[in-house]
Number of protein chains: 2
Amino acid sequence: MEKSYLQIARAAYQPKLPKALLGPVKAQEGAPTQSVGNQEEIKALFPNTYGMPVIEFVEGEKQELPPFNVGVILSGGQAPGGHNVISGLFDGIKSLNADSKLYGFILGPGGLVDHKYMELTSDIIDEYRNTGGFDIIGSGRTKLEEVDQFEKGIEILRELNIKALVIIGGDDSNTNACVLAEYYAAKKYGVQVIGCPKTIDGDLKNEQIETSFGFDTACKTYSELIGNIQRDCNSARKYWHFIKLMGRSASHIALECALQCQPNICLISEEVEAKAMSLDDVVTYIAQAVAKRAEQGNNYGTVLIPEGLIEFIPAIKKLIAELNDVLASPEAQNIGRSEQIDFVKQHISAENLAVFNSLPTSVARQLALDRDPHGNVQVSLIETEKLLSAMVAAKLDKWKKAGKFVGKFAAQHHFFGYEGRCAAPSNYDADYCYALGFNASRLIANGKTGYMSIVKNTTAPAAEWIAGGVPITMMMNMERRNGKNKPVIRKALVELDGAPFKYFASRRDEWAEKTMYVYPGPIQYFGPTEVCDQPTCTLKLEQAK
Amino acid sequence: MEKSYLQIARAAYQPKLPKALLGPVKAQEGAPTQSVGNQEEIKALFPNTYGMPVIEFVEGEKQELPPFNVGVILSGGQAPGGHNVISGLFDGIKSLNADSKLYGFILGPGGLVDHKYMELTSDIIDEYRNTGGFDIIGSGRTKLEEVDQFEKGIEILRELNIKALVIIGGDDSNTNACVLAEYYAAKKYGVQVIGCPKTIDGDLKNEQIETSFGFDTACKTYSELIGNIQRDCNSARKYWHFIKLMGRSASHIALECALQCQPNICLISEEVEAKAMSLDDVVTYIAQAVAKRAEQGNNYGTVLIPEGLIEFIPAIKKLIAELNDVLASPEAQNIGRSEQIDFVKQHISAENLAVFNSLPTSVARQLALDRDPHGNVQVSLIETEKLLSAMVAAKLDKWKKAGKFVGKFAAQHHFFGYEGRCAAPSNYDADYCYALGFNASRLIANGKTGYMSIVKNTTAPAAEWIAGGVPITMMMNMERRNGKNKPVIRKALVELDGAPFKYFASRRDEWAEKTMYVYPGPIQYFGPTEVCDQPTCTLKLEQAK
């Protein structure tokens, strides 16, 4: 592998560990736990993995352990630090017994089902320490949900004499890790399953999980770019930059980037929904800020847009729901592409028709015509950043004719996602991920299953971090998915009464009117600690409460 | 100004200077120079600034100088390091006499004409050291070309008692700086004009100018992102990423990013033109690489596309030229928008009609309908990255039906430009720009006008850099612009027999077929010197020859 200078220098970085994990550990167990909702139902579904205590590792006495084999899977979208979870896990099991082995399943959960794997030896691990990406074994989106898959899995786990499986994934993957843990426990197959909280989206967090790994690095990478764009914006003084940010439904990434960069505008989907804003309300909000800055001669600015915004506008949400129903009807299946828009217009309610007709033609066409493999509207394809800027331009044109707007409006568009998902992990994520992986080896050695590896108190120096495990069932409730009630880990959206949003809300009017951009610059790995070792603003605000 | 941790830490960085500039200097003069082309014509146009010698500064004896005032202008598109040119210039004039003053003209050359300026005091300068952007005084695209403008300029220059004007800009701005120098010299106005070579595009370079400032930082920022995308691409293994890169006509940025990242494909406009490739040739070249990788089961990859590509395809170039003519005809002015496409089709040659009809409808519409304020086709609006991926997809579909392609093809699109133009300068650009600005003060003190500030030997440690000045006329030739012959600095495109392209050409087949991505990561300011202080690959290859 040809390597960049930074890759070579960074390979030598030794991630920090919590003090408790530096030597032999003992599992300190708390009281039995309950799920966050639907306790009776969850308990009934998970008789073997429900009610277990939260665990914290503290200094213990040295144990002799026989060698044991572990499997690891990377599940779902990439997030910075995945390779460090694996290298931490590797170092962890080797520290317990040098003859222990680590197997990686190839291209996600599908690798377990299809028996595609490789042994991860120290030569391989050393190539990937402190690097971004999931390319060491690849990732995939196969969902482990069916008994068939679990049974195919146990075949290869037995063949490789694997004692425990570590699944690195987001909320859904960890939910499924728990279902698998429960299944193997119920069947007494003797294989433990441990989860690790991964996702750049930041929506896998709760009382027990401070943050999901990758969020820190991805937000810092996007903030670097937003800062650069803001500096350009403030130098050329002629464009409004509309910047969409990946992050699925939750607006955590947009909010964190706003806290880091102080843009003129940042939309928060959760607020749009809570206030039942219409698309026109959102457009008006932006146009008003543009007009106000124009009065001061400032015909430029920045707007951050969370990827999921469009689905959070209640009127659009209703429209999409009806479109999905209408287009799924048997009658719709025989309609040619050219007639679909008319068909849609004839079959949706008057209320939704009004919303549909208010959309720019290109977006209306996209909603009516482009479907995902399940036949659903592909909301992620809608270029919200262009939709909004076009609608803002149209509104400002009207206002100009009415003498209510005196400036100029020209827009540039950006969408950041793939630019940050595989960045080399920041010091924070490098340490956090390594600790999560290393800690997973301790959960395994202590015979735990159905647990997620957790590391807390991460706004303090790494030595003071607290490592342990949380029963996955503790984070679950029942939710409706694809028409069925399912036990799932409750997704964390932006809380409007949480400290990060409240701080943002207290500053945003000033940011909108004045030009108060902050330029975070690129992630630094080697400089002064106040530059290199900052957690996210979100985490600092949450922990300060 | 609220600042990021990096901004605060980076403010303390003291850029390095060439050894000769650390103390008093003497101007060592070479032989009289000639322009690179059209020598008689250029000489006639620049009687006062033609034929001057190249200058190199060497150690000299301390001179006492009276205080003198200098004006500075940022011209054209942003490039990382502009603030360091200004802080170097500031420190340079203050080192000669602490009572000297620096004035900045606001929002580009227009500030000189409109008498908008501010004094740049040490308090202000200190806020901007080692930062990206041109926001200290802003930039603009007004062209200084007319006697009226020069006369408006001299009014304010006299009012502020300014002895010399430093214009920081690209090839056109430096050409105009020389025209202004000549005019003021001819009129004996006593104001010197000095240029500084700025542009991320890398197209302002020649025997005297190793590189334009900003190219280093911008390419490293784009390469960070391309590397991150490649890591994602190599982890998810399901997308072809089509990445367009800013850079106007020249492909220097795309080439440098390719050298840094080793993508599967990088198109070079200059090669496309030299080989007279058609759009279909380009599409076939990409599709063949996709098909070859698919045979190995690798349905993913990266394609770098220079911004100016479409104009370099000879057939498209001809079509655009004829479209511009046809749509500029008086007859065309009375045609409604809806009839323009038919009008175009009826009025272009059969050869161009065939090319026009081969384009995807959306692009054909764009070419026929969207015009810039001068009535020209807006080539920069064409989303070449989407155009190419759509045409590759169509070709692969055909090949699939014919049994010649067995894989899957799904594309993602990116366009990077504003993301890098205002990044905080790398150590290289921070030092190089500071030296260029500091050196400009020495050219002024030595009474020079019509010179560009130059710093050479920059692949060596900064102490060994060579600073001096080159007469701008030396870099000129006559070129046809807007129907007139004009003296201009010859633009540097990628040379197909140059070392950077030849190295690229020797490796690209291997990069296309295998997966040999390099991940440069973000610019580092504080780490080991081999990480922080590398010049571009382009410069290293050019200097190694």
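How many residues of chain A are in contact with residues of chain B? Select both chains of this predicted model; 64 residues of chain A are in contact with 64 residues of chain B.

**Both chains**

Start with the relation between the copies. The same surface serves both copies, since 100% of the contact residues of chain A recur in chain B.

**The interface**

Keep both chains on screen and show the surface between them. About 4,800 Å² is buried between chain A and chain B, and carbon and sulfur atoms give 51% of that area. Next select Glu2(A), Arg231(A) and Tyr418(A). In chain A, these residues lose the most area to chain B, and together they account for 16% of what that side buries.

Now turn to the charged pairs across the interface. Eight salt bridges are counted between chain A and chain B. To see a salt bridge between side chains, select Arg421(A) and Asp232(B), which meet at 2.8 Å, N to O. Over all chains, the count comes to 58 salt bridges.

A salt bridge joins Glu155(A) to Lys152(A), with the closest N and O atoms 3.8 Å apart.

**Where H9 and H23 pack**

Stay in chain A and select helix H9 (residues 252-261) together with helix H23 (residues 537-544). Their axes are 8 Å apart and the helices pack at an angle of about 90 degrees, which makes H9(A) roughly perpendicular to H23(A).

Which residues of H9(A) and H23(A) meet? On the H9(A) side select Glu256(A), Leu259(A) and Gln260(A); on the H23(A) side select Cys537(A), Thr538(A) and Leu541(A). Coloured by class, the contact of H9(A) with H23(A) has three nonpolar, two polar and one charged residues.

Definitions and conventions: Residues numbered from 1 in each chain as written. Chains lettered and ligands numbered in written order. Predicted model: local features only at pLDDT ≥ 70, side-chain atom pairs only at ≥ 80, totals over all residues. Heavy atoms only, no water. Contact = heavy atoms within 4.5 Å. Axes fitted to C-alpha atoms, helices over the stretch in contact; angles between N-to-C directions. Helix = DSSP H or I, 4+ residues; strand = E, 2+ residues; numbered from the N terminus. Parallel < 35°, antiparallel > 145°, perpendicular 65-115°, else oblique. Nonpolar A, V, L, I, M, F, W, Y, C, P; charged D, E, K, R; others polar. Buried area = accessible area lost by both parts, 1.4 Å probe. Salt bridge = Lys/Arg side-chain N within 4 Å of Asp/Glu carboxyl O.
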